[in-house]
Amino acid sequence: MTESAPIDPTATDAWKQLEGIASGFAPDLRGWFASDADRADTYTFQAGDLTVDLSKNLVTEEILAQLLALAKAAGVSERYEAMISGERINVTEDRAVLHTALRRPAAGSAGAGDLVPPAGFVIDGADVDAEVHATLDKVYAFADRVRDGSWTGVTGKRIETVVNIGIGGSDLGPVMVYEALKPYVQPGLEVRFVSNIDPSDIYEKTAGLDPESTLFIVASKTFGTLETLTNARLARQWLWERLGASGAIADDDDARTAAVAKHFVAVSTALDKVAAFGIDPENAFGFWDWVGGRYSVDSAIGTSVAIAIGPDGFHDFLAGFHAIDEHMRTTPLERNVPVLMGLLNVWYTNFLNAQSHVVLPYAQYLHRFPAYLQQLTMESNGKSVRWDGSPVVTDTGEVFWGEPGTNGQHAFYQLIHQGTRLIPADFIAVANPAHPLKDATGDGKAVQPGADVHSLFLANFFAQTKALAFGKTADEVRAEGTAESVVPARVFSGNRPTTSILAPALTPSVVGQLIALYEHIVFTQGTIWGIDSFDQWGVELGKQLALEVAPAVDGDAAALASQDSSTKALIAKYLSLRTN
Ligand code: F6P
């Protein structure tokens with residue numbers, strides 16, 4: 001199916017039915033809940049440890065039936081099967097798409113009913129599962145050595161700070177997961193993340209570090225990314241200068257090479273380029289072309305996380321992904337959470353004209369999750385052509401955004417509650433906080449002495465989805481004694497769709513489950529839209545032009561003269577302002 005043209009979803013009967021329902025659609029969450037005592041039950045599903053309540057979405061039995069028919073017509077299950085069995089569904093790069101293989105248990109440790117890879121599952125000449133587990137073993141052995149202090153810096157000091165240098169998928173996944181799992185980080189170890197080529201980033205992230213106890217991980221799938229390689233050179237320079245200045249190493253090439261060997265490791269698919277940079281391939285961890293950058297935190301790209309939380313924690317993290325992979329593979333579409341969430345996104349985007357989607361973790365440790373999802377969703381599904389090169393026939397790719405609750409409540413929720421745009425929202429919370437603090441005194445009014453602060457926090461999580469769904473009518477506002485002139489401003493229309501995701505605790509497994517959930521939501525939408533969710537050609541032009549413009553910015557008059565008038569004037573202004 002991968003080489004055949006995608007179906008035209010708009011030509012399906014389901015699409016036409018949905019268009020019919022959408023024209024003149026008058027959602028009525030108040031009425032739907034009032035007339036159906038089972039609505040919450042009917043639309044609440046379980047995927048792994050995630051309880052997912054879809055009941056406050058603008059969905060009825062009739063809409064859901066048509067969305068499911070659309071998924072069947074587009075072959076969502078068949079394409080998922082094609083993906084996990086190694087078909088080259090990333091057609092524009094002619095690659096298989098096998099991130100699900102990264103978290104498949106090793107042969108012999110699969111659970112009952114688990115997908116067991118065929119012995120010798122070979123892609124591009126490599127036995128996929130054997131290589132995945134050999135690499136994981138190598139990462140785990142290295143992580144153990146850093147954690148137990150047997151891997152030391154060049155002067156014999158144990159490593160206290162790991163600095164991951166990478167960008168995009170080689171940064172956003174590791175930093176998001178590290179932040180999410182802070183309570184699991186080994187005391188005495190810290191990981192910092194450098195991504196931006198803005199020199200302020202590496203300056204700030206190396207500030208105050210002891211070079212003798214610092215380890216750099218250069219993480220780059222291609223090992224050709226300008227930002228990462230520039231930062232890696234700056235880090236190497238920093239190391240040599242600092243170690244040299246304190247007399248920790250001699251002023252010669254052998255000493256510098258020895259320092260790199262103990263303070264630099266790399267993660268890449270291009271091990272030849274790693275060696276050319278001066279990093280011993282022995283200290284490099286590989287992965288494969290069939291792992292997209294934004295799908296790679298569960299590969300060796302997660303080495304910084306494996307060091308921080310340890311091999312056991314990383315194993316649980318991978319098991320979380322796998323639980324959702326198996327849910328996606330084996331659960332009928334009617335109860336398949338990623339498929340249902342992907343279909344709802346299609347409903348909002350293509351039929352109700354939603355243009356963005358907000359993700360609101362009520363868990364401060366997930367504060368980088370929306371940023372992580374921006375790459376996952378928008379680099380995957382922000383496309384205007386389909387996998388056969390033909391133009392898309394529908395809108396694609398919503399803008400994903402978000403911030404943790406309750407911070408967002410005091411910033412942008414106004415627009416979600418009362419603005420003119422439809423913004424579907426995902427609310428994410430965990431039942432058990434890492435730090436169950438009590439407010440000993442309370443405020444004597446709303447907050448009682450001894451109040452559990454996490455419950456106070458989650459009261460907001462529950463209240464917000466209620467307010468968005470059911471709103472507040474003009475009569476309810478009036479009944480509060482509000483002056484008539486202010487009533488309209490205080491009315492809440494309701495019928496603003498939300499999904500509530502609740503997990504027991506923010507464990508490594510739950511973080512893996514959340515990531516896999518969104519990966520498969522992206523997959524579902526991409527399949528309906530007929531797009532290759534695994535390439536990212538849209539990032540290339542800017543990269544190419546930056547290299548072309550660089551000489552002009554560096555003062556080359558001929559290069560400056562060849563720019564368009566706006567760019568020329570901007571660069572000239574920059575050069576005139578630059579004083580240091
Ligand atoms: O520019 C986009 C991109 O190619 C992402 O897809 C990728 O995650 C990121 O750059 C970093 O690439 P690399 O890991 O090869 O350095």
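Is D124 buried or exposed? Select this residue to begin the tour of what is a predicted model. D124 counts as exposed, because 12 C-beta neighbours lie inside 10 Å and a residue with 12 or fewer is classed as exposed. Its place is the loop between β3 (122-123) and β4 (126-127). The backbone deserves attention here: D124 has a positive phi of about 50° although it is not a glycine. Most residues other than glycine have a negative phi.

Select F223 next, in the loop between β7 (214-219) and α10 (226-245). F223 also is not a glycine and has a positive phi of about 50°. Its surroundings can be judged by counting neighbours: F223 has 25 C-beta neighbours inside 10 Å and therefore counts as buried, the threshold being 20 or more.

**The ligand shell**

Now display the ligand and the residues around it. The shell consists of 14 residues, and the closest are G168, G169, S220, T225 and G293. Colouring the shell by residue class gives two nonpolar, nine polar and three charged residues.

**Positions from the UniProt record**

Select E379, H410 and K543 together; the unreviewed UniProt entry lists these under "active site". They span 165 residues in sequence, and the farthest two C-alpha atoms are 36.8 Å apart, so the three do not all gather at one spot.

Take H410 individually. H410 lies in the loop between β11 (399-401) and α16 (413-418). This residue is exposed, since 9 other C-beta atoms are within 10 Å.

Remain in the loop between β11 and α16 and select T406, which is found there. The peptide bond leading from G405 to T406 is cis, with omega near 5°. Most peptide bonds are trans.

Then move to K543, in helix α20 (residues 540-553). K543 has 12 other C-beta atoms within 10 Å and is therefore exposed.

**Two crossing helices**

Show helix α4 (residues 61-74) and helix α19 (residues 508-529) as cartoons. Their axes come within 9 Å and cross at roughly 70°, which means that α4 is roughly perpendicular to α19. For the residues at the crossing, select L70, A71 and A74 in α4, which meet T524, T527 and I528 in α19. The contact of α4 with α19 comprises four nonpolar residues, two polar and no charged.

Select R478, found in helix α18 (residues 474-479). R478 has 14 C-beta neighbours inside 10 Å and so counts as partly exposed.

**The final stop**

Where does S565 lie? Select helix α22 (residues 565-577), in which S565 is found. S565 is exposed, because 7 other C-beta atoms lie within 10 Å. To finish, select D252 as well and draw a line between the two C-alpha atoms. S565 and D252 are 313 residues apart along the chain, and their C-alpha atoms are separated by 48 Å.

Conventions. Residues numbered from 1 in each chain as written. Predicted model: local features only at pLDDT ≥ 70, side-chain atom pairs only at ≥ 80, totals over all residues. Near = placed C-beta within 6 Å. Nonpolar A, V, L, I, M, F, W, Y, C, P; charged D, E, K, R; others polar. UniProt positions renumbered as here; feature names shortened; annotations may be inferred. Helix = DSSP H or I, 4+ residues; strand = E, 2+ residues; numbered from the N terminus. Axes fitted to C-alpha atoms, helices over the stretch in contact; angles between N-to-C directions. Parallel < 35°, antiparallel > 145°, perpendicular 65-115°, else oblique. Contact = placed C-beta atoms within 7 Å.
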